[in-house]
Amino acid sequence: MNKKTVLALAIAAMLGGSAAQAKKPKAAASHKPAVTAIKAEEPKITVKEAEDSLSRQLARIYGASINKMFEQRKGAASKDKFKEGFAVVMKNDTSNTDFLDGLAFGLEVLRTQIQMKSKQKINLNTAEFARELANTLADTKVMSEAELKGLNEKVTQLMNATEQLARENDPQAAANKKAGAEFAQNALKTDKGYHRTASGLVYKVVTPGKGESFKATDVVKIKYKGTHIDGSTFDENGEGTEMGISNFVPGFKEALMLMNPGCKLRAIIPAELAYGLRGGGQGVIGPNETLVFDIETPEPAKKPEAKPEAETGKATK
């Protein structure tokens, strides 16, 4: 065999081997050692850069909470004023903890002033407060626990008395009381179906019921609609709810005790038998406001479940 023939056979063998390898599945090459990829090192950041990044993320968290707060307040708040107040704090020396404590205390006093005005009708005199605070801080004597307790009790009594006085002199309370009295009197005058009880409750039986009147200890199913004297609704339950009569305000309780199963009644409840000078429902019911309720008791009183003898304290035989 000459050199050309040998060379031709060698080339044919090489080509045949390459073709066979090309037809093999890739999995056949899995015996080859895997090449590990080298990860590029993450660029190092400075402390300053880390602090800046943390500051931004914290601001996002706080900002989200603030947005939620403003969403709950609806139109009663201003983001611009909020940012203005925040800027005032940030411009001051925030490294002095004593200064920050004084700032926080002052803000808390202002917040208390706002709450006392809106909830208790009391106008806190901040000038008098600041003057007396300065006098107290200048006094080197530290109050004993007994002295501080006595002062707290005195302040509580004074606050309750001041709140009562402020509410009694609230123009809105006086106007509501007058309007309610006129509304009830007009109902009695124009509709002979209305009656007034000794307590001042004015009521009218719209649909008589059957059976005995409910007692204060009864649990009854009640459907009702509560309105202001202008006719606007502040509360309603048309499906009915089971509640103990003793759980209601005095006027509503008295009205229920005038009813029996199947009865429908309209009650005009003066403030002194409802929510009084304080009002209720987080401002929905104003101070000294007279309320109107359409009440239905469609079912007999629910009988209390009998307790096992062991629960009543009786010995079992």
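Start by selecting Lys121, which counts as partly exposed at 33% relative accessibility; partly exposed covers the range between buried, under 20% relative accessible area, and exposed, over 50%, with a 1.4 Å probe and protein chains only. Lys121 sits in the loop between helix 4 (97–120) and helix 5 (126–138). Its phi is positive, about 65°, although Lys121 is not a glycine.

Some notes on reading the model. This is a predicted model, in which local features need pLDDT of at least 70 and side-chain atom pairs count only at pLDDT 80 or more, while totals for chains, interfaces and linings use all residues. Residues are numbered from 1 along each chain as its sequence is written, and side-chain values use heavy atoms, with hydrogens and water left out.

Now show the whole protein as a cartoon. The protein has 9 helices and 6 strands; these are DSSP runs numbered from the N terminus, helices being H or I of at least four residues and strands E of at least two. Of its 317 residues, 20% count as buried.

The 6 strands form an open sheet with antiparallel pairing, in the order 1-2-5-6-3-4; two strands pair if DSSP finds at least two bridges between them. Strand 1 (194–196) and strand 4 (233–244) stand at the edges with a single partner strand each, so one side of each has no neighbour in the sheet. On average, neighbouring strands of this sheet are turned by 20° against each other, direction ignored.

Go to strand 6 (residues 291–297). Why is strand 6 largely enclosed by the rest of the structure? Of its 7 residues, 5 are buried, so the rest of the structure largely encloses strand 6.

- Strand 5 (residues 263–269) pairs with strand 6 in the antiparallel sense over 7 bridges. Leu265 stands opposite Ile295, and Ile268 has Val292 as its bridge partner.
- Strand 3 (residues 219–227) is joined to strand 6 by 5 bridges, and the two run antiparallel. Lys223 stands opposite Glu296.

Helix 7 lies across strand 1, strand 2 (202–207), strand 5 and strand 6, and runs at about 125° to strand 1. Axes here are lines fitted to C-alpha atoms, for helices over the stretch in contact, and angles run from 0 to 180 degrees between N-to-C directions.

Finish at Asn288, in the loop between strand 5 and strand 6. Is Asn288 buried or exposed? Asn288 is buried, with a relative accessible area of 13%. Asn288 also has a positive phi, about 60°, although it is not a glycine. Leaving out residues up to four places away in sequence, Asn288 touches Ala173, Asn176, Lys177, Ala271, Gly276 and Leu277, where contact means heavy atoms within 4.5 Å.
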